Amino acid sequence: MPTTNDGPGGAPVTLYLLHALGASADSFARLRTELAGRVHVEGIDLPGFGSAADAADTSIEATVEHVIGVLAAHRGGRWMLGGHSMGGKIAALVAARTLSGEARLFGLSGMVLMAPSPPRPEPMDEERRALMLSWVADGRLSDDDAQTFLDQNTARPLDPDAHALALADLRRTSPAAWRAWLETGSRVDATDEVGRLDLPVLVLAGTDDADLGAHAQPGLLADVYPRARFHPLAETGHLIPLERAPEASTAIARFVEDEVLVGPVVPDDWAQLIAGDRVDDRVRGTLGRRAVPDDRGYAPQVLDVAQLTLLREIADLAVPQDGPAIDLAGRVDAQLARGEGDGWRNATLPPDVEAYRAGLDTLAPLWPTDPAARADLLRRAMEGEGDATGPLDHQQLAAWLEDARVDLVRQWLAHPASMARTGYDGFATGGTRPLRGFVQLTIGRREDWEPAGVGGTVDEQQHTTGEAVSA
């Protein structure tokens, strides 16, 4: 089955970036150059700014819908979403709608935020807000007011090219968009809609940025992004993409390598199917969250570290994976923490959490270091052989290992990449009403909407076999 690992520009992941107040997609040009071949950077002009300066509706809702519309055209490879300042709040709303399934998008693998405005009302001095609003009372920003804005938001003067770009972006900004953000957008409290976004996140912030700087960001975002990595940039103000493009790019590339390019890739045609109108929003959201890269620093919630390590080694034997692997054991631990299961247990075993702890503690003293010896021990334990002397006897241990193997396999099969590998697309029968099902129920035949590799189309079957197909 073909899998696309690289997207545009030969990079393994595309990063879509949403700009700050008074900026444009052009503000990310230096990041794009610095990250070429490692991360493909695409800036998006928001309504009222840059090439979209003439947009009539510059509200937050219109801006979110605009971004979703642009992202819907994404094809090929993994993708991330990022935002600078104002763009950070917009990115949070888009990410929330993506991971809930409300937006017809799939494949969000991480976020990069630069001095982001939080989902809650942005901290801002009211006198400064009033001053900034006064700059557009009679139309677009003047050169003098734009220069004042730059002076207030940089740790040191920009180089000539960056200065010219920033000044041009400020001068062409729509006064209506400028007012909409300062009067309404920055004050919006979107914490309930955004909730907690459990995915890899890099937060870059300058040490010389007052309201949205390195010291403020953990308090503003830690509850929103439990997997956030906070990276301070010394002697940096608010305009990170223009002030510190090389340093920011190095941090982004390292973050992507460590936390985003983890686990299997969902093939492009399957990603497009999941994002399409045949899939129910809730199902799309569930699949999108399952496809989020695992946390390499995952801290067990139910098991201890030694127990989780052993369960991972059991998973490697019970469900061997080639290529980037899913952290099946970590996902089982999270499943146990949520109190989820398959609804039954062997009568000889305690409840699931206790059974996992007892089973792993029974195996631990016997567990060899040699991989071949481990496989032999596990096979004998699964068959009820040997004399277990831990919390479980040999019969209980065999019963628990049966349950554990089922949980591990279920976690593997639940991942969209595994569904693609096994050719299961039965999730694509909902979506917008009327509900759609299958028409062709013959082995080896696929319908036109199904991804390539799931049997063959009706036309292909007719061509290769000469069979007549009745309606």
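What is the order of the six strands in the open sheet? The order is E2-E1-E3-E4-E5-E6, and the pairing is parallel. Helices (H or I, at least four residues) and strands (E, at least two) are DSSP runs, numbered from the N terminus; two strands pair if DSSP finds at least two bridges between them.

The model is predicted: local features need pLDDT of at least 70 and side-chain atom pairs count only at pLDDT 80 or more, while totals for chains, interfaces and linings use all residues. Residues are numbered from 1 along each chain as its sequence is written, and side-chain values use heavy atoms, without hydrogens and water.

**The sheet and its helices**

Strand E2 (40-44) and strand E6 (228-233) form the edges, each pairing on one side only. On average, neighbouring strands of this sheet are turned by 20° against each other, direction ignored. Strands E4 (residues 108-114) and E5 (residues 201-206) are joined in the parallel sense by four bridges, and Met-114 stands opposite Leu-204 in E5.

Two helices are listed below; angles run from 0 to 180 degrees between N-to-C directions, with axes fitted to C-alpha atoms, for helices over the stretch in contact. Contact means heavy atoms within 4.5 Å.

| Helix | Strands | Angle |
|---|---|---|
| H2 (residues 60-71) | E1, E2, E3 | about 140° with E2 |
| H3 (residues 86-100) | E1, E3, E4 | about 145° to E3 |

**Glu-447**

Glu-447 lies in the loop between strand E7 (445-446) and strand E8 (456-457). Leaving aside neighbours within four places in sequence, Glu-447 is in contact with Gly-437, Phe-438, Val-439 and Gln-440.
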